[in-house]
Amino acid sequence: MKKLTTLLLCVVTLFSLLFAAHAADRSEYQAVLDKINAEYGTNARFATPEELALIGSSLVDVTTLTLDEFEQSIIKAIQSINAGGSRQLPIQGERYESPYGDSAARTVKAYYENKRLTDCTVHLSGTVSDANGFWQFAEISHAYASPIFNNNGVGFSSTSYTYSFLDTRRTCSVTVSGWTMTQTGIYIIATTRNASFTAR
């Protein structure tokens, strides 16, 4: 846990330094972003250093783009979103087996599963129990979405989540709220994604 906290602090510090180093340069990009917001009726914005730390370092530094490239990438992302380029179609699911041994011998075990959508992966962690003769969710610890950027550089990143249990707690329906965003860290549209998980 200490290593994770230290790593997270290092990432936040790194992004804070990057933001400070490019503050003057970013004003020109902000002017382009303001122009696009006025033209398209959007509320696109730069991600904060804290939001960037949650996403990770897979983003492109906006200052490596010319102002024209930046403008075209944002317009392309908005058009992609408006054309349905960020639909949330399930692609595949992965399941993590608990390291605590054979599930038949335990009544409670750790649960972690990913659901991949077209523009993000929704992650759910918690515990499941077979105390009633079938696997059901006992507790939800955390849920979030990490972005998957498409060819237009558009993905989704979450800022919060809600969940509900269905089928006698056999299914957990998760709604993650967040932003459709570009690979350069521009948040374009506040939206949600949904995923369902089955206790096993």
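Author: Residues are numbered from 1 along each chain as its sequence is written, and side-chain values use heavy atoms, with hydrogens and water left out.

Reader: Thanks! What does the protein average in pLDDT?

Author: pLDDT is the predictor's confidence in each residue, from 0 to 100. Here the average is 76, and 70% of the residues score at least 70. Where pLDDT is low, the predicted coordinates should not be read in detail. Residues 4-24 stay under 50, and the model has 16 contacts (heavy atoms within 4.5 Å) for them beyond four places in sequence. Residues 85-105 also stay under 50, with 43 such contacts.

Reader: How many bridges join β4 to β5?

Author: Strands are DSSP runs of E with at least two residues, numbered from the N terminus, and two of them pair if DSSP finds at least two bridges between them. In this model, 10 bridges join β4 (residues 120-129) to β5 (residues 136-147), and the two run antiparallel. One example is S125, whose bridge partner in β5 is H142. The two strands form a hairpin with 6 residues between them, and G133 in the turn has a positive phi of about 90°.

Reader: Now the rings: how many aromatic pairs does the structure hold?

Author: Rings of Phe, Tyr and Trp (its six-membered ring) pair if their centres lie within 6.5 Å; planes under 30 degrees apart count as stacked, over 60 as edge-to-face and the rest as tilted. The structure holds 7 such pairs. F137 and F165 are stacked, because their centres are 6.1 Å apart and their planes at 25°. F137 lies in β5 and F165 in β6 (residues 154-166), so this pair ties together parts that are 28 residues apart in sequence.

Reader: Where does the charged end of R170 sit?

Author: A charge sits over a ring if NZ of Lys or CZ of Arg is within 6 Å of the ring centre and within 35 degrees of the ring normal. The charged end of R170 sits over the ring of F134, 3.9 Å from its centre. K115 lies over the face of F197, at 5.9 Å from the ring centre.

How values were computed
Predicted model: local features only at pLDDT ≥ 70, side-chain atom pairs only at ≥ 80, totals over all residues. Helix = DSSP H or I, 4+ residues; strand = E, 2+ residues; numbered from the N terminus.
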